[in-house]
Amino acid sequence: MKLGFVGLGTMGLPMANNLLRAGLPLTVWNRTPERSAELVARGANAAADIDDLCASADTILLTLLDEHAVDAVLGRGTPAFRDRVAGRTWVQLGTTAPAYSQALARDIDDAGGDYVEAPVSGSSVPAAQGRLVGMLAGRAEVIDRVAPLLAPLCRDRFICGAVPNALRLKLAVNHYLIATVVALAETMHAARANGIDPILLREILDAGPMASEVSRGKLAKLVSGDHVAQAAIRDVRTIAQLVAEQARSAGIDAPLIAHCAALYQRAVECGGGDLDLSAAVEWVAHHA
């Protein structure tokens, strides 16, 4: 299997690194070419452009910013699309609207390619550790080929059925995650306003029954004021909007995620889009 990787951002770069560490030959391409340098130094091949990568790989993993970036890279809606897609397996690791992914799967199938939806749960830290949680959807025989490739990336992998079930599940996971982080951030903000020692509060929460890997990690950032993005506010804003839309489309009233989506939108408008998702409450409070 000749493996390609497209999109070397906050999540893509550590995932590609883990594939190299596992000894998999890898050709990489990023729209910002200098992002490939670290991987090339570790043995990856750098493609000159997306067509060069397609010529070098029969299975290509995508971790792109959004739906528009995926369409642009694949040349969807142009004559280049069929040439890039035909005879190849495309693995979508990013988060998009389920309806978009379902339409993309049909287009790739019609063009003679294969498609697997494989969103992952986790931020840059578990990505670097190879401890993401993967959700896979697509045709069973294609998933059987792709699933072993995710072993260096994911601690656990779950087969979710047909496209777009993996993305529906990913959005459900993010519903819980986003609400949890906002609750933690609001708790810390209110505690500081009331003169409560944030270090002591963190210790108590870490010791209690509600503690989790997420809560401990984000509380550490909230106490120290570390806003370096593990998952950026701008990206979480987009995902929160997708989560809220999934609830609305099912006729479900979900005011909590609607509040979170509005919070992250305000944080982006206030200039905090590149900060970690845990910083949104404090950022909006001080910059709105």
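Biologist: In which sense do strand 5 and strand 6 (residues 114-117) pair, and over how many bridges?

Modeller: Strands, like helices, are DSSP runs numbered from the N terminus (E, at least two residues, for strands; H or I, at least four, for helices). Two strands count as paired if DSSP finds at least two bridges between them. Here strand 5 and strand 6 are parallel partners with 4 bridges, and W90 lies opposite Y115 of strand 6. The model is a predicted one, in which local features need pLDDT of at least 70 and side-chain atom pairs count only at pLDDT 80 or more, while totals for chains, interfaces and linings use all residues. Residues are numbered from 1 along each chain as its sequence is written, and side-chain values use heavy atoms, leaving out hydrogens and water.

Biologist: Which strand does strand 4 (residues 59-62) join, and through how many bridges?

Modeller: Strand 4 runs parallel to strand 5, and 4 bridges join the two. T59 stands opposite T89 of strand 5.

Biologist: Are the residues of strand 5 (residues 89-92) buried or exposed, and which way do they point?

Modeller: Burial is read from relative accessible area (buried under 20%, exposed over 50%, partly exposed in between, with a 1.4 Å probe and protein chains only). In strand 5, T89 and V91 point one way, W90 and Q92 point the other way, and all are buried.

Biologist: At what angle do the axes of helix 9 (residues 165-193) and helix 12 (residues 233-249) cross?

Modeller: Axes are lines fitted to C-alpha atoms, for helices over the stretch in contact, with angles from 0 to 180 degrees between N-to-C directions. These two axes come within 9 Å and cross at roughly 110 degrees. Helix 9 is therefore roughly perpendicular to helix 12 (65 to 115 degrees).

Biologist: Which residues make that contact?

Modeller: Contact requires heavy atoms within 4.5 Å. Helix 9 contributes R168, L171, A172, N174, H175 and I178, and helix 12 contributes V236, I239, A240, L242, V243 and Q246.

Biologist: Where is L184 found, and what does L184 touch?

Modeller: L184 belongs to helix 9 and is buried, with a relative accessible area of 12%. Leaving aside residues up to four places away in sequence, L184 touches S215, K218, L219 and L222. Its C-alpha atom is separated by 17 Å from that of G195, 11 residues apart along the chain.

Biologist: Which residues of helix 14 (residues 280-287) are buried, and what covers them?

Modeller: The buried residues of helix 14 are A280, V281, E282 and V284. Their cover includes helix 9, helix 12 and helix 13 (255-269).

Key:
Parallel < 35°, antiparallel > 145°, perpendicular 65-115°, else oblique.
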